[in-house]
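Dear colleague,

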Amino acid sequence: MANAAEQKRKDERRTIEAFSDFSNIYNFKKDFTYSYKTQAGLTEDIVRTISAEKKEPKWMLDFRLKSLDIFHHLEYPVWGPDISELHMDDIVTYVRPNTQMKASWDDVPDDIKDTFDRLGIPEAEKTSLAGVGAQYDSEVVYHSIQEELVQQGVIYTDFETALREYGDIIQAHFMKLVPPTDHKFAALHGAVWSGGSYVYVPAGVDVSIPLQSYFRLNAPGAGQFEHTLIIVENGAKVHFIEGCSAPKYNVANLHAGCVELFVGDDATLTYSTIENWSKNMYNLNTKRAIVGRNGTINWVTGSFGSHTSCLYPMSILQGEGAHCEFTGVTFAGKGQYLDTGSKVVHNAPKTTSNINSKSISKDGGVCIYRGSVVINPRAEGAKANVSCESLMLDEESQSDTIPAIVVKNDNVDLGHEASIGRISDEAVFYLMSRGLSEDEARAMLVKGFVEPVSKALPLEYAVEMNNLINLELKGSLT
Amino acid sequence: MELEPLPERPSGRYTPQHQCEGDVSLYFYQGNGMPDLGEFQGANAEALERALRHADKGCAIEAEAGAKGTARLVYEVNDDHPTLNRQLRITAGAGSDVTVYLVFEGGAAGGEVNFLHYIRAEAGAHVKIVKVQLHEGNVRHIEHRYAETAEGSSVEYVSAELGAKEAVVYYKTDLLYDESSFDSKSLYLGKDKQIVDFSYWIPMQGKKTKADVAIAGALQDEAKKAFRGTIDFLRGSKKAVGSEADTCILLSPKVHSISVPLLLCKEDDVVGNHASSAGQIDEDTLFYLMSRGFDYQGAQAIIVESHIRPVVDALGDGALAERVLQTVRERMNSQG
């Protein structure tokens, strides 16, 4: 008995220690070293230099220069969060870390390896992932994929390698879903993109365990502009997980990545994101998927960090019977303005979509749900369902829902509901009467509130998200 | 909202049919009889400016404290007076209960109604405006309505938008004082290339304030409906409750339904809900009705009628309700 009790105490201590460590997982800083970086700001010379550094084909340089021109001609968005404190002249658009891309963790330089060790990436690779990509500042430093998947024709590599080895495919797909003309930050991405991942899953192949890309921004005042391109051929299936983090500096950082997802007929792609950018980050990311006949795109997102976010994953349901499922949770604390949501365009008959969005705001944080569902004339028999729930944990916070629903044919079934409220005092009282402290009761209710997202994530990521919620509730996340 | 300019037409000093019952007074005035409307923007800046600065003939309805009564106004557009650029000012004293019935009818090529309301409900007062709009399809109907509520007062709107080529309504109701409330129910039936455009703006700042907006209707042919509702829970609106609902039956493949129901919230101790839905008539219900001897159009009409019935019942006037139902039936039966 004594041994069992002792063992239990040890287990509890280990859990507490692990939890204590968790608060520092994301916000450790490494010395800022690099092998090359551009000047701050955005000029044609910088764009040409990035392209030359990467030894890119001419078409890509031309694309970058065209995007730069578009960037200079487009206005900053006037709707949404205030981004007037973001000055492009202060942002360094390219920082190459002190290493080339490696295929083995042992070859990754110690300081970078230590970063990803602390984030748990090698451990996750061993236990629950089919492949891993790790990007440090502007470049991917490590990439691996299980040999068995390679044998099946699955490609998972960094974007620069993909550009060299699969140039025709990249040229056919690069920024076709998100053209540089789309908005100012898409144009910026087209001009200075760097790093990212390319995934190709051949027809009929089921990648049963997830692939993960992790993006770590270490350089103060830098931008990260990774490009993710995933092609899932007809009947194939894959789960891709994206993780993001950065230490906090007292200067603005910018993340303007771009994700383009091509989902074939009868194919399924699940794209999960747990974002925990530091609170000096402007996260102005663009993600878009196009889905073929009876294909499915599942978005699972947890947005925790950043100073300001504008993130609205968009699904274009192009083939008959295509389906989109969006499950997202956003948690805004002090000084954060998280403007998130989802956009779905129904372009074909019998397409279906489900949007389930949850947000929590605390300590003056601002959560905005900004979404859109468009059912076009061709989408006869389309079904769409939108549900937004917002929870406010105090009277300083703000929570808005801004949905737009456009229906252009009569044969549709559309439902939308939204609610804003606080944690019910009765529920807190009930849990406290069962022995929980008030804080524990509130944390339990918040975790119950976001359960649909937790359930959609693999166990390791659900645990990570619950830990992030605990930290946000304690206010200890910086 | 952007509107195509219409040709300038002379506007006379037409006096609408009017009638009062109970302890309310009604009189007409020339020029601008509106108080300062602050930041009220109306449906369209140019139209609001015209209604403020160049109104033809305003109508004022007033009730003393504790008074109770009704007023009826019938505005008709015809070739003699194709445009009506009007004001209506309603002042309800503390604890009063005022109901105003407004009927808009008639038509004229290039006709336009540009109507600005101001409502002031003093503490504990109740103001109800029942509006039935039955213009012919050659009239543009624009309505700007701004209401200020005092503590414990309530403003209630019941509207039927059944006519006009373009029906554009913009309602702003300030619920800035405790326990004030706003309730609005509207029905519409869009036909041909008709545009029906509803906008609501409800800032809520008082404690225990309450707002409820519901729109129910159907679209046929190539009609277009837009609903923009904004419930804004401002800091201080503790225990406030707000909800907005937009339900639309789609009867033709060329209709266009837009719904933008916003909930803005800066106060944690509130309950806000919105819901919208759009869809076809349930096939099982249709089949059931047809199996009981109704033809397809008749069955559709019954379902649409049952959908809008709660709004019709809330009109609170049997003759008006019957007129609305008759118009709905006629429009449904003439469906191409």
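This is a predicted model: local features need pLDDT of at least 70, side-chain atom pairs count only at pLDDT 80 or more; totals for chains, interfaces and linings use all residues.

Chain A has 478 residues, of which 61% are buried, and its secondary structure comprises 13 helices and 26 strands. If one takes the contacts in chain A between residues at least 6 apart in sequence, 83% of them join residues at least 24 apart.

Two helix pairs in chain A are described here. In the first, helix α2 (residues 44-53) and helix α3 (residues 58-73) of chain A have axes that come within 10 Å and cross at roughly 155 degrees. Since angles over 145 degrees count as roughly antiparallel, α2(A) is therefore roughly antiparallel to α3(A). The crossing of α2(A) and α3(A) is right-handed. From α2(A), the residues E44(A), V47(A), R48(A), I50(A) and S51(A) meet L61(A), R64(A), L65(A) and L68(A) of α3(A), and by class this contact has five nonpolar, one polar and three charged residues.

In the second pair, the axes of helix α10 (residues 425-433) and helix α11 (residues 438-449), both of chain A, come within 9 Å and cross at roughly 120 degrees, so that α10(A) and α11(A) are oblique to each other. The crossing of α10(A) and α11(A) is right-handed too. On the α10(A) side, A427(A), V428(A), L431(A) and M432(A) take part, and they meet E438(A), A441(A), R442(A), M444(A) and L445(A) in α11(A); sorted by class, the contact has seven nonpolar, no polar and two charged residues.

Two strand residues of chain A were also examined. T327(A), which lies in strand β19 (residues 323-332) of chain A, has a relative accessible area of 10% and so is buried. Leaving aside its neighbours within four places in sequence, T327(A) is in contact with W299(A), V300(A), T301(A), N356(A), P452(A) and V453(A). S357(A), in strand β22 (residues 352-361) of chain A, is buried as well, because its relative accessible area is 9%. Again leaving aside neighbours within four places in sequence, the contacts of S357(A) are G328(A), Y369(A), S387(A), C388(A) and E389(A). S357(A) and D400(A) are 43 residues apart in sequence, and their C-alpha atoms are 12 Å apart in space.

In chain B, E151(B) is found in the loop between β9 (139-149) and β10 (154-161). E151(B) is 25 residues from L176(B) in sequence, with 8.2 Å from C-alpha to C-alpha, and, apart from neighbours within four places in sequence, E151(B) is in contact with A123(B), G124(B), Y177(B) and D178(B).

As to the cysteines, how many disulfides does the structure hold? Over all chains there are zero disulfides. C20(B), for instance, is in no disulfide, and the nearest cysteine sulfur, that of C59(B), is 7.8 Å away, whereas a disulfide requires sulfur atoms within 2.5 Å. C20(B) counts as partly exposed, at 33% relative accessibility. C265(B) is likewise in no disulfide, and the nearest cysteine sulfur to that of C265(B) belongs to C367(A), 11 Å away. With a relative accessible area of 0%, C265(B) is buried.

Notes. Residues are numbered from 1 along each chain as its sequence is written. Chains are lettered from A and ligands numbered from 1 in the order in which they are written. Side-chain values use heavy atoms; hydrogens and water are left out. Buried means under 20% relative accessible area, exposed over 50%, partly exposed in between (1.4 Å probe, protein chains only). Axes are lines fitted to C-alpha atoms, for helices over the stretch in contact, and angles run from 0 to 180 degrees between N-to-C directions. Helices (H or I, at least four residues) and strands (E, at least two) are DSSP runs, numbered from the N terminus. Angles under 35 degrees count as roughly parallel, over 145 as roughly antiparallel, 65 to 115 as roughly perpendicular and the rest as oblique. A crossing is left-handed if the near helix is turned anticlockwise from the far one by less than a right angle, and right-handed if clockwise. Contact means heavy atoms within 4.5 Å. Ala, Val, Leu, Ile, Met, Phe, Trp, Tyr, Cys and Pro count as nonpolar, Asp, Glu, Lys and Arg as charged, and the others, Gly among them, as polar.
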